[in-house]
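Subject: Handover of the structure, with notes

Dear colleague,

Here is the structure I promised to pass on to you. My notes on what was found in it follow below.

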Amino acid sequence: MLVKFFSRGSGGGDSPVNYLLGEDREREGASILRGNPEITKELINSTDYARRYTSGCLSFEEAPDAVTDKTKAQIMDIFEQTIFAGLESDQYNILWVEHTDKDKTDTAGNVIK
C-alpha cells in the first residue's frame, strides 16, 4: 500500500468531490466506501482557512476485487484512528471513494488492465 497526500486544498468543495465522483455523481469506476459527498462539499465550502481540505490516496497493487469489503473497512478504520488520533469519529469528516478505473503499469511500462 502506498499513501500519498496531494498539494491541493485551497479551492471550494465542488472541485474535489466532482473529480472523485463526477459532476453527476455517476463516474464510472468510482464508488463511495464511506462518507457523504454533499456534507464533505459543504464543510469545505463553509471554512475560510487558506487550506480548506486535505486530499490523498491509498494505492494498492492488488486488484480491487482481491481485497474484501471487510479488509477495506479495517484499513479505513485503522487509517482514521492513526491520522485522527485522539478524535472521535464525530469530530472529523472523511470521504472514502474507491476508484477502479485507473490503469496500472508493470516495471517495463506495459499497461495492466
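With which residue does the side chain of Asp 14 meet in a salt bridge? The partner is Lys 41, and the N to O distance is 3.6 Å, where a salt bridge is taken as a side-chain nitrogen of Lys or Arg within 4 Å of a carboxyl oxygen of Asp or Glu. Asp 14 belongs to helix H1 and Lys 41 to helix H2, so the pair ties together parts that lie 27 residues apart in sequence.

Before the rest, please keep the basis in mind: this is a predicted model, in which local features need pLDDT of at least 70 and side-chain atom pairs count only at pLDDT 80 or more, while totals for chains, interfaces and linings use all residues. Residues are numbered from 1 along each chain as its sequence is written, and side-chain values use heavy atoms, with hydrogens and water left out.

As to the overall layout, the chain has three helices and six strands, these being DSSP runs numbered from the N terminus (helices H or I, at least four residues; strands E, at least two), and along the sequence they follow the pattern β-α-β-α-β-α-β-β-β. Of the 113 residues, 22% are buried, which here means under 20% relative accessible area, with exposed meaning over 50% and partly exposed in between (1.4 Å probe, protein chains only). Among contacts (heavy atoms within 4.5 Å) between residues at least 6 apart in sequence, 73% join residues at least 24 apart.

To return to the charged pairs, the count of salt bridges comes to six. Another of the salt bridges joins the side chains of Arg 25 and Glu 38 at 3.1 Å, N to O; Arg 25 sits in the loop between H1 and E2 and Glu 38 in helix H2, 13 residues apart. A further one, also listed at 3.1 Å, N to O, is formed by Glu 80 and Arg 34, and it links helix H3 (residues 69–83) with strand E2 across 46 residues of sequence. Through shared partners, salt bridges join Asp 14, Arg 25, Glu 38 and Lys 41 into one network.

Helix H2 (residues 37–46) has Pro 37, Thr 40, Lys 41 and Ile 44 as its buried residues. Seen down the axis of H2, these fall within an arc of 100°, so they line one face of the helix, the arc being that of the directions from the helix axis to the C-beta atoms. Their cover includes helix H1 (14–21) and strand E2 (30–34). At the start of H2, a side-chain oxygen of Asn 36 comes to within 2.8 Å of the backbone nitrogen of Glu 38.

Finally, the largest nonpolar core consists of five residues, namely Val 17, Leu 21, Ala 30, Leu 95 and Val 97; such a core is a set of buried Ala, Val, Leu, Ile, Met, Phe, Trp, Tyr and Cys residues joined through side-chain atoms within 4.5 Å. Leaving aside residues up to four places away in sequence, Val 97 touches Leu 20, Leu 21, Ala 30, Ser 31, Ile 32 and Leu 33.

With kind regards

Definitions and conventions. A polar contact is a pair of N or O atoms within 3.5 Å; within protein, one must be able to donate a hydrogen and the other to accept it, and residues adjacent in sequence count only if both atoms are side-chain atoms.
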